[in-house]
Amino acid sequence: MSHLGTQPVLRARNLRKSYGRVVAIDNADFDLYPGEILAVIGDNGAGKSTLIKALSGAVTPDAGEILLDGKPVSFANPQAARDAGIETVYQQLALSPALSIADNMFLGREIRRTGPLGQWLRMLDKPKMRKIAREKLSELGLMTIQNIDQAVETLSGGQRQGVAVARAAAFGSKVLILDEPTAALGVKESRKVLDLILEVRSRGLPIVLISHNMPHVFEIADRIHIHRLSKRLCVVDPKSISMSDAVALMTGAKTPEAEMMAA
Ligand SMILES: Nc1ncnc2c1ncn2[C@@H]1O[C@H](COP(=O)(O)OP(=O)(O)OP(=O)(O)O)[C@@H](O)[C@H]1O
């Protein structure tokens, strides 16, 4: 887990964001390295959501620096972050239930037909979108969803999560951020989503996983960023710390220094 000499794909330094008098993140650091699943854990209100919102352009930090591939970036909105290659899947999923899987895959980035002179027409290129959607889903092993024309509202929670993750993975060229992807799912559906996340990593896309589910975090994360009281407390290796010690660090029952002395 040594990243000596490797440049983080996404990095933040001294980020700060307050909402009125509430300081959500302060002096917060963050590093995501190529090819890894980085879990971000922390108690309620620790500032995890605000941190990822800052990284994905949903909030503008008051201070601090964000670097993508070593270059300073500032995102005016989520679209700007998406254009830079950072895709985020929030718990609400942002799918349109009445639309088909294929239409949802291309929501907001529809492909239009071109005219004889190569000009864009208003008409959507449905066959092309369906073809690409089918390819993207099958690449990620999601072809248990047989019918690309099926409305998303007819899918199970896990399948919907699968479509949202697949869409983000298909278009996220640099980073995929997942906010509680298994929170609303049962055991079997969670399993499928965890396998999908591992598949996305194996295809080379680094992933930020925000989760309260410690067994899921310990199963798939390469490193765990522990967020506490508005900032990163430490980063731990799930192979060399117990789940209960990680939770103790997260809640303040243990300090990183005490944890290191015990190791
Ligand atoms: N839009 C907002 N307006 C006012 N306060 C906010 C807003 N968003 C977050 N906060 C506050 O900022 C602090 C950090 O919240 P944040 O949602 O980032 O924490 P979190 O670690 O993601 O928590 P949880 O695990 O409960 O989702 C909290 O005190 C929260 O009440």
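1. First, a term you'll need: helices (H or I, at least four residues) and strands (E, at least two) are DSSP runs, numbered from the N terminus. With that in hand, look at the ligand: helix H1 gives the most to the shell around it, with 3 residues. Helix H1 covers 48-55, and both H1 and strand S2 supply at least two residues of that shell.

2. A word on what you're looking at. This is a predicted model, in which local features need pLDDT of at least 70 and side-chain atom pairs count only at pLDDT 80 or more, while totals for chains, interfaces and linings use all residues. Residues are numbered from 1 along each chain as its sequence is written.

3. Back to the ligand. The residues around the ligand include Tyr19, Val22, Ala24, Lys48, Ser49 and Thr50; a residue is near a molecule if its C-beta atom, placed from the backbone, lies within 6 Å of it. Sorted by class, the shell has 4 nonpolar, 6 polar and 1 charged residues. Here Ala, Val, Leu, Ile, Met, Phe, Trp, Tyr, Cys and Pro count as nonpolar, Asp, Glu, Lys and Arg as charged, and the others, Gly among them, as polar.

4. Now zoom out. The protein has 9 helices and 12 strands. Its radius of gyration (taken over C-alpha atoms) is 19 Å, close to the 18 Å that the globule rule gives for 263 residues, so the protein is as compact as a globular protein of that length. That rule is 2.2 Å times the number of residues to the power 0.38.

5. Next, find the open sheet of 4 strands, which runs in the order S2-S1-S4-S5 with antiparallel pairing. At its edges sit strand S2 (22-32) and strand S5 (71-73), each pairing on one side only. Two strands pair if DSSP finds at least two bridges between them. Strands S1 (residues 10-19) and S4 (residues 63-68) are joined by 5 bridges in the antiparallel sense, and Leu10 has Leu68 in S4 as its bridge partner.

6. Is Met250 buried or exposed? Buried, because 20 other C-beta atoms lie within 10 Å; the cut-off for buried is 20 or more, exposed means 12 or fewer, partly exposed is in between, and C-beta atoms are placed from the backbone. Leaving aside neighbours within four places in sequence, Met250 is in contact with Ile41, Gly42, Asp43, Ile226 and Arg228, where contact means C-beta atoms, placed from the backbone, within 7 Å.

Methods:
Contact = placed C-beta atoms within 7 Å.
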